[in-house]
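Please look over the sequence and the model shown here before reading the notes that follow them.

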Amino acid sequence: MSPEALRVPPHSIEAEQSVIGALLLDNRVFDKLGELRADEFYNAGHQRIFEAMHTAWVAGQTFDAVTVSEALKAADKLDYVGGLAYIGALQNAVPSSANAARYATIVRERAKLRGLAAVGAEVSELGFKTDIGADEAIAEAQARIAELAERGTTTGFLPFADALATAADRSTDPTRRALQGLMPNADLERIMGGCEPGSLIIVAARPSVGKSVFGQQATTVAGRRGYASAFFSGEMPAEQLAMRALAAYSNVPLSEIREGKASTKSGLISDAMCKLAALPIKVDDTGGLHINQVVARARALHRRHKLGLIVVDYLTLIRGDGDKTTDRVGDVAQRLKVLAKELDCVVIALSQMSRECEKRPDKRGQLSDLRDSGEIEQAADVVIFLYREELYQPDTPNKGVIEMIVRKNRHGGLGTAYGVAAFDVSRIDDQPRGFKPFAPPPAPSTARARFQEGNNF
């Protein structure tokens, strides 16, 4: 038999006995144990005893060796744990409950080590799987290790006084304000009041309205202001993104760059390339990424370059977990929100709108139009809809106008910002200050319409 097979998983029977004994001496010790769970005990009998005590505590009942024994007897588990004599011995073996929190820490630490060994075995098995890609297997391994690392690290509670002190410090420190300059439009920036770190921003529109232009411009604007950014492009390769960025920066039409007809403007393109190359932007154009892979890659990049912005183009192209499409999309949205909070950065996720808006006279997006899942709206801190009237009314006097409509904003105002859809150079420009779009003539009132009909007779 190999030495590995003879290894005993890490545990401390004495610490487990001491935790149980301390609880039997003083039930209030439960308040000092954080989120210690029954399955973190190595001894199966100790797990059952702890469960019985925890059940009583949650129900608001006091307990001692006798009442715990009776509960276990009713569940036909008393002999399994060693009987009343063993439970009584645990209570008598601990002179004081003062060190209960330290005992609980030892129990939890040993449980983590056992978990690490188990995860190591699972990771080893992932290495032999050929039905999934190597990147996905690595992302799955990282996700399991991260979950283990986060388990039991905090009770989740923060003294409100600490939060108040942080808020008061921020009120007088301009360097800790919301991130400024991430939006590709000055009016939109004013409406939103900047972007709060930890926010998930959903930018939604029908196809060809300008989502990708918006997302890409956000990364370059953020880069110019010194924020490192990551762009996950599930829709187009990095080279196409680069061509769009060159067009936007050099003011050379995208069509000329694509068709190789910009030789006379090579100086402008070279200048733009040098400036763009210096920006702290990373692009991942891997298709069909799972949300675990997105999270793992973002974390790894964040460790090397503290990220201020992550852009995902687009949300429904990222694979999530769940049996239904709505569940999978909801899973991706929720995980992106958690990622934004974890990395303390802004995440912009581009999203398709459902076709329902096409059936309305006013085709501007509503929150109910977010495609495939209501959980997108729930997870989002900010929801922005893009709209271009000329796509529905070719003769509109508002040609070239793109509307950025803020429908939800947990941290600021709502409203509509107007930009110039300069899509020949893959850019959204600012409108002149005070710009107002042409409004359609008002429809005749019902009464006037009836009067006109009467005159026709």
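The report below turns to a strand, then a helix, then charged pairs.

This is a predicted model, in which local features need pLDDT of at least 70 and side-chain atom pairs count only at pLDDT 80 or more, while totals for chains, interfaces and linings use all residues. Residues are numbered from 1 along each chain as its sequence is written, and side-chain values use heavy atoms, with hydrogens and water left out.

Helices (H or I, at least four residues) and strands (E, at least two) are DSSP runs numbered from the N terminus; buried means under 20% relative accessible area, exposed over 50%, and partly exposed in between, with a 1.4 Å probe and protein chains only. In strand β2 (residues 228-233), six of six residues are buried: Ala228, Ala230 and Phe232 point one way, and Ser229, Phe231 and Ser233 the other. Two strands pair if DSSP finds at least two bridges between them. β2 pairs in the parallel sense with β4 (residues 307-313) over six bridges, and four bridges join β2 to the parallel strand β3 (residues 281-284).

In helix α6 (residues 83-93), the buried residues are Gly83, Ile87, Gly88 and Leu90.

The whole structure holds 19 salt bridges, each a side-chain nitrogen of Lys or Arg within 4 Å of a carboxyl oxygen of Asp or Glu; three of them are tabulated.

| Salt bridge | Closest N and O atoms |
|---|---|
| Lysine 261 and glutamate 259 | 3.2 Å |
| Arginine 360 and aspartate 369 | 2.8 Å |
| Glutamate 390 and arginine 388 | 3.9 Å |

Lysine 261 is exposed at 56%, whereas aspartate 369 is buried at 1% relative accessibility.
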